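I opened this notebook to record what I looked up in the structure shown below.

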Amino acid sequence: MPSEQVFTLGHSPDPDDAFMFYAMAENKIDLRGYRFEHRLEDIQTLNERALRGELHISAISIHAFAYVSDRYALLPCGASMGDGYGPMIIRKRPTPNVQRPTSNSDEESRALLRELTIAVPGLMTSAYLALQLYLGEFKHVVVPFDQIFDAVKTGKADAGLIIHEGQLTYERAGFTKIIDLGEWWKRETGLPLPLGGNVLRKDIPAPVQRDLLAIMRESIDYGLAHREEAVRHSMPYARDMDAKLAGKFIGMYVNDFTRDYGEAGRNAIREFLKRARDGGYIDKMPAVEFVE
């Protein structure tokens, strides 16, 4: 393989993605003569770029995969799965001595949320689709994921749909949780909530696809085997988190599902997209193909 062959690799500027791609970024493993240009962009931007087929390999929302499955196949590694946890709806913590309704059941939560305007991090994110499956139609405003706290604080929105590190920092930032969608999905289906994956363009020759898959697997395995140094590499992307909290966040989303979806992970994707299709939130059920 010519050493000058270059592949664009899109991923989020987040500690879990940085952890996964550490070995590739720092040449800790055999890259088999390939070179990779890392493109760090927020997940909504990556979803939009995948719609245009711009990147060879990219992190993507499972929701967005429904719209790009003709052009991309899922890699069987690199998943972000919330097994009993995931994106959350938060709002400002009630002022002491001021009574606000508490929601102890899904019915109460839904009734409350339908009265609110919710800041969401992008219409192709899996978090947004999960909230549609939970709530149906609702009032929303699209806000970059790292500005959702501010949108709720300033009153631009009544509540926020938070992803990434916000799931661990919301209490410290003065918010209270209404619902954890990963927890609800686990109760509902017994499955993990499929949030993100990595995709590979189908027009890449099959032998090269297998090489790229092997490199990705080795990068993930290297990070897990050299956890301390991989976490250290991830710290520049750990917004508002110390090393301990960043390590906890990475542990939530770089796990056995990341090494391989397995049957549970593959079933979770199919169930998530089937429910989306049945609910009318996506136009058709995509073919869920994996690079093998």
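Basis. I worked from a predicted model, in which local features need pLDDT of at least 70, side-chain atom pairs count only at pLDDT 80 or more, and totals for chains, interfaces and linings use all residues. Residues are numbered from 1 along each chain as its sequence is written, and side-chain values use heavy atoms, with hydrogens and water left out.

Salt bridges. I took a salt bridge as a side-chain nitrogen of Lys or Arg within 4 Å of a carboxyl oxygen of Asp or Glu. The structure holds 17 of these salt bridges. I looked up Arg52 and Glu54, whose side chains form one at 2.6 Å, N to O. A network of salt bridges links Glu41, Arg49, Arg52 and Glu54.

Helix α14. I read helices as DSSP runs (H or I, at least four residues), numbered from the N terminus. In α14 (residues 262-278), Arg275 and Glu271 are four residues apart, about one turn of the helix. Their closest N and O atoms are 2.6 Å apart, in a salt bridge. Arg275 has a relative accessible area of 27%, and Glu271 has 24%; I class each as partly exposed, because buried means under 20%, exposed over 50%, and partly exposed in between (1.4 Å probe, protein chains only).

Glu228 forms a salt bridge with Arg232 at 3.8 Å between the closest N and O atoms. Glu228 is exposed at 64%, and Arg232 is exposed at 53%.

Definitions and conventions:
Helix = DSSP H or I, 4+ residues; strand = E, 2+ residues; numbered from the N terminus.
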